[in-house]
Amino acid sequence: MIDSVLLMLKAGIIIFMAAGFSIMTAGFTRAKNSGDVMLRFITGFGISILSFIVIGKYLLFFGREMDVARKALMAAIIMSIYSGAWAGRMKFSMYLITCFFISAVVYPLCLSLIGFFDLAGASGLGGICLTGGTAAFIGAKILEPRLGKYTGGGLSKAIPGHNIPLGALGILVILVSWFFYISIGLFEMDLPAAAESRFAVNLIICLCAAGTTTFLYTWIRYKKSDITVVFSGFLAGLVAGSTGAGSLSLPLTVLLSLITGVAVVISIEYVDKVLKVDDPVGASTVFGLSSIIGILFRALFSIEEGVFSGGGFRFMGKQLLGTAVLIAGTALVLGVFLTLLKKTFGIRLKPEDEIEGLDLSEHGLVNSYYDFAYDINTTDYSDAYFQKVTGEERKDAILKKDPYAYPLSSLEPGVISKIEIITRKEKFDHLKTALNDIGITGMTVSSVSGYGVQKGYNEFYRGVPMDVQLKAKIRIEIVVTKVPVEEIVNTARKILYTGYIGDGKIFVYTINDVIRVRTGETGIEALKGMASESENREEE
């Protein structure tokens, strides 16, 4: 009876944990992919558990006895870890196939290794986190970065999440779920009271000390704290503590926390900037590296088995070998599988579908929340992935971005002109920089919606046809006198051109008059002032 109740509690907690992972991933990625993120987590949860129960349990080595249902639930935890690292660019069908393969093949093999090498830590989470973190890294590497993540020169560009409070809430849900899950695990292990007390205290200290260390380190490093990294630091401390803190003394637990809190910051930067692996939620670092740190601390300093506690180097060698084999096994099996999928069916979305957003391109889900956050993230059409998957003819056109030149303006000198540009939101940052380079330092920007040749969207919701839906765009309005209109138009077209429907339109107007409210100045004089484009031109 008790076992059944505990199993049901664990199932509920893991569902809650998966919800936390999905909320975190949705918050830390773009709004246009939020619905896709939620659907991937709930379908991945079901597929992961079923594939292990139906197939995975028969692939276990060493004849190790186990409760299949409990281990199947842990497959869902692994799914929750790696899914966030692959967000924003993977085909939904290929994601489901990969979830099935990991739970049916990769996880059972890793589970055998965990049992053999005794890497588990509290409730088996150490090896599970290492497996999930490795899968996150390998998958993100093979998928390649999201469009616009890296410049042509290889410099990393930030793609901020659309809703940071939502992402932070997701991490808090994970933390709460994690504590409940470990509590049930401790109850099942029936440890001595002293060991349980030590583990509980050390785990709380590891959580708080690692998070605080990350907060202070980012404050010193960046001159301000980075909220997304700070929350990752708290989660990394919990992962490292779950693996190693239960068998450490209090001072060594603090040392583990300090190292983890700094390491998570350095490794997130290293994975992004040096290894060029695009992991939007930092799963490979928070779960993979932190579990390694916890495993090694346990091997070195464990009160019962550590190298410096009378256990000798035999246990250390066992842990190092187990860690290496687990990482290599996961990387090899999953890497070969994803590479085969990539070469045959393709695992990456088409560039135009990725730009449109997975909600629409993969599921026909019309974004009613597109303006929840002002998404001006750039998409660099010279991106290596974008060039590679397009034909040579399109590649050349995209790189040139200048199919024809707008004719010289016939406007008389001193005429006030207004240029209105309606285009994709993700192109705004590039356009703003290019216009600034030719002397435009003032503009009005607004979010708009509408439809033209594309006719908006015609989709179904719960089986009911929907009327034409408006597409989200951005409108830039510029008023000039000195900068030639043709220069602005040609600059804008060069930046905005992709060759796909939806690049936008440019409207040119003649303005009768301009009045500055504060001074009453009119005409060209009303446009002069603080960093105006006309003053810049006159100074040149």
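K432 is partly exposed, with a relative accessible area of 35% (buried means under 20%, exposed over 50%, partly exposed in between, with a 1.4 Å probe and protein chains only). K432 forms a salt bridge with D429, and the closest N and O atoms are 3.7 Å apart (a salt bridge is a side-chain nitrogen of Lys or Arg within 4 Å of a carboxyl oxygen of Asp or Glu). Both residues lie in helix α16 (residues 428-437), 3 residues apart, about one turn of the helix. Helices are DSSP runs of H or I with at least four residues, numbered from the N terminus. D429 is also partly exposed, at 29% relative accessibility.

The model is predicted: local features need pLDDT of at least 70, side-chain atom pairs count only at pLDDT 80 or more, and totals for chains, interfaces and linings use all residues. Residues are numbered from 1 along each chain as its sequence is written, and side-chain values use heavy atoms, with hydrogens and water left out.

The structure holds 12 salt bridges. One of them joins K149 to D272, with the closest N and O atoms 3.2 Å apart. This pair links distant parts of the chain: K149 sits in the loop between α5 (125-143) and α6 (164-189), D272 in helix α9 (residues 250-274), 123 residues apart. K149 is buried at 6% relative accessibility. D272 is buried at 19%. Helix α9 also holds E269 and K273, 4 residues apart. They form a salt bridge at 3.9 Å between the closest N and O atoms. R221 joins E269 and K273 in a network of salt bridges.

K149 also lies over the face of Y150, at 5.9 Å from the ring centre (NZ of Lys or CZ of Arg within 6 Å of the ring centre and within 35 degrees of the ring normal). K418 lies over the face of Y509, at 5.8 Å.

Aromatic pairs number 7 (rings of Phe, Tyr and Trp, its six-membered ring, with centres within 6.5 Å; planes under 30 degrees apart are stacked, over 60 edge-to-face, the rest tilted). F21 and F287 form a tilted pair, 5.6 Å centre to centre, with 40° between the planes. F21 lies in helix α1 (residues 2-27) and F287 in helix α10 (residues 283-301), so the pair ties together parts 266 residues apart in sequence. Both are buried. F101 and F337 are stacked, at 3.8 Å and 5°.

The search finds 0 disulfides (cysteine sulfur atoms within 2.5 Å). The sulfur of C206 is 9.7 Å from its closest cysteine sulfur, in C208, too far for a bond.

Conventions. Helix = DSSP H or I, 4+ residues; strand = E, 2+ residues; numbered from the N terminus.
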